[in-house]
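Student: I keep meeting labels for structures and wondering where they come from. Can we go through a few together?

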Amino acid sequence: MSPLELLHDYTIRNVAIGAALLGLISGVLGSFAVLRKQSLLGDTMSHAALPGVCIGFIIAGAREMGIILLGALTTGALAALVMLLLTRNSRLKTDAGLGITLSTSFALGVVLLTHIQNMNNAAQGGLDAFLFGQAAATLRSDLWIMGGITLVALVLVSALWKEFKLVSFDPEFAASLGMPVMWLEVILTVMIALAVVVGLQMVGVVLMAAMIIAPAVAARQWSRRLEGMVMLAAVIGVSGGVFGAVLSALSRGLATGPLIILSVSSVVMVSLLLAPGRGFVWEGVRLWRGRRRLRYQQVLTTLYRLAMHHADPVFRSEQGMLDTYHGHRTRTALRQLQKRGLVEWRSAPPDEPGGAKHWVLTTTGHEEAKRILDSLGREEF
Amino acid sequence: MTTPLHEPDLALHVEDLTVSYHSKPVLWDIDFDVPPGVMAAIVGPNGAGKSTLIKSVLGLVPSVAGHVTLFGRPYRSRRRRVGYVPQRSSVDWDFPTTALDVVTMGLYGRLGWLKRPGRGERREAMQALEMVGMQDFADRQISQLSGGQQQRVFLARALVQQADVYFLDEPMAGVDATTERAIVDILRRLRDDGKTVIVVHHDLQTVRSYFDWLLILNIRVIAQGHVEDVYTAENLRRAYGGQIALLDEAAFMPADKTAET
């Protein structure tokens, strides 16, 4: 099947649109979740959505998507609320609260799931797809629901942009300005629950957390402002989603949800490694450069001190002497200095015995060494 | 119909304020008054409730008893006249934003719902950055600023609020000497313009040279009033207990005999 034919395939088109919507909403809302250090809240809520899915199914008696998602939203948000109450009113720490809420509600969900499977209801087929997602089952009507939820979330985020920004950065200051911080936090949390609901069918409750966290983490590496981060997270989410969907369509039989997560996660890997200013590689290069600079500065100041000690500005230092002083080979550092015109490689005057070549500071070398030593003195002060 | 003002001549009036955490008192029966136009310090040992006092005045921490008024009205109706500088460590400085953007946040309260900060707001924020000497760092990522620079940005965010009463929580903690002097200069200028400045302060040595009003706190009020009346060895000993031995005896000599900065 060629890529063009892919786009005309009804199922694949549905899956791709669904994945794009999921990437959009989870990228935007995930940014706020990650910045508010609530990445795991998404995980808790997605696991807590499972009992809601089952209860929704039991009430509807069939695979009625609207009711199932409503159930998922209710229990997901309820779990977040329980978590909030637990940590506010008891001495439980947030991580423990998240852990307890997550596992309890997921256990409840699995129990309900097996209960439904034992009811021998023919309509229950595929309910366990909510565990790991079953993108191929996405219907056009599901897309309308997902699109509607995404639209609501985007409108809210753009309307309350500055409030959400301030609450994420400095909630105390926001409260001192009179912003209803608690309500804004509740809205943000409920919207993350909405994103979870959107993703349930695509990637399932187990992997949904990655969809919330990954695009935001990747985008954070490349962006300097919240605006840029949110937009980039949306782009990464959408393209990762579509890429995963297309990949699974091309490879026939590989699960869509996990492929979406994997493609988004690979963006995270690349970003953690390469992002300018924040990536590992960049960090490593900076460290290496700093070390090299330190080394040649040390050699330069040694030459300067030797010259001062001998009261001879053109004092000639032998290579062996410098190596011994520093305890390692200084030739590379000296070559660096030579390239910058700070030292010269001069041969001994003909009347001197030995006659080996020596290193001598140039005038600029003198000035540079003085500057380095002066700035060192200032820092110590 | 307007309700009569309660203690309208005081910039800040705190009466019978009690705050508790897990049924343990953090602040007990605080009566605290600050007249307008002074620079007041709140000092006390660790855990004395200094930050909590500021936060409960601003309604950030619920109180179990007591009331607070600013120029005769409760805080709710006086928000626009109050500027606040939280502790620098209370936020994540790795947040993706610029110095100018943080200062602009000081105007969000005035802007109201749905409105975005525009060119006018950015100009005001820029002016505040100039006041703290940070105009060259306006577009800098806040994560790349030094501690002292971050503190100046926070101060600029409060300046842009154009308030009458400023609350600052440990603005001199962990900043270099230059920044400390710059901050003190700005606060003095505010006071000279008739504003009231209330600062949680941790350095007893500088209390007398920086401030003219003082509250010594240790869960209860130990003493309050003009610095020269309140800053006594006896009061400090009552607040700090044994820790007072760490203090230099010279610190209690009359102000004119010690070198002033």
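This is a predicted model: local features need pLDDT of at least 70, side-chain atom pairs count only at pLDDT 80 or more; totals for chains, interfaces and linings use all residues.

Student: Okay, why are α2(A) and α11(A) called roughly antiparallel?

Tutor: Look at the angle. Helix α2 (residues 10-35) of chain A and helix α11 (residues 226-250) of chain A pack at about 155°, and their axes are 7 Å apart. Angles over 145 degrees count as roughly antiparallel, so α2(A) gets that label relative to α11(A). The crossing of this pair is right-handed.

Student: Now chain B. Why is chain B described as being as compact as a globular protein of that length?

Tutor: Set its value against the rule. For 261 residues the globule rule gives 18 Å, and the radius of gyration of chain B is 19 Å, which is close, so chain B is as compact as a globular protein of that length. Its C-alpha atoms fill a box of roughly 55 × 50 × 35 Å along the principal axes, and its secondary structure comes to 9 helices and 9 strands.

Student: How does the radius of gyration of chain A compare with that of a compact globule?

Tutor: A compact globule of 381 residues would be near 21 Å, but chain A has 31 Å. The box for its C-alpha atoms is roughly 105 × 60 × 35 Å. Chain A has 16 helices and 2 strands. The domain assignment gives domain 1 (3-277) and domain 2 (282-380) in chain A, and 59 Å separate the centres of those two domains.

Student: Which residues of chain A are called "transmembrane region" in UniProt?

Tutor: The unreviewed UniProt entry lists several spans, among them 12-35 and 143-161 of chain A. In the model, residues 12-35 of chain A are 100% helix, with end C-alpha atoms 34 Å apart. Residues 143-161 of chain A are 95% helix and 0% strand, and the end C-alpha atoms there are 26 Å apart.

Methods. Residues are numbered from 1 along each chain as its sequence is written. Chains are lettered from A and ligands numbered from 1 in the order in which they are written. Domain bounds come from an automatic or database domain assignment. UniProt positions are given in the numbering used here, feature names are shortened, and annotations may be inferred rather than shown by experiment. Helices (H or I, at least four residues) and strands (E, at least two) are DSSP runs, numbered from the N terminus. Axes are lines fitted to C-alpha atoms, for helices over the stretch in contact, and angles run from 0 to 180 degrees between N-to-C directions. Angles under 35 degrees count as roughly parallel, over 145 as roughly antiparallel, 65 to 115 as roughly perpendicular and the rest as oblique. A crossing is left-handed if the near helix is turned anticlockwise from the far one by less than a right angle, and right-handed if clockwise. The radius of gyration is taken over C-alpha atoms; the globule rule is 2.2 Å times the number of residues to the power 0.38.
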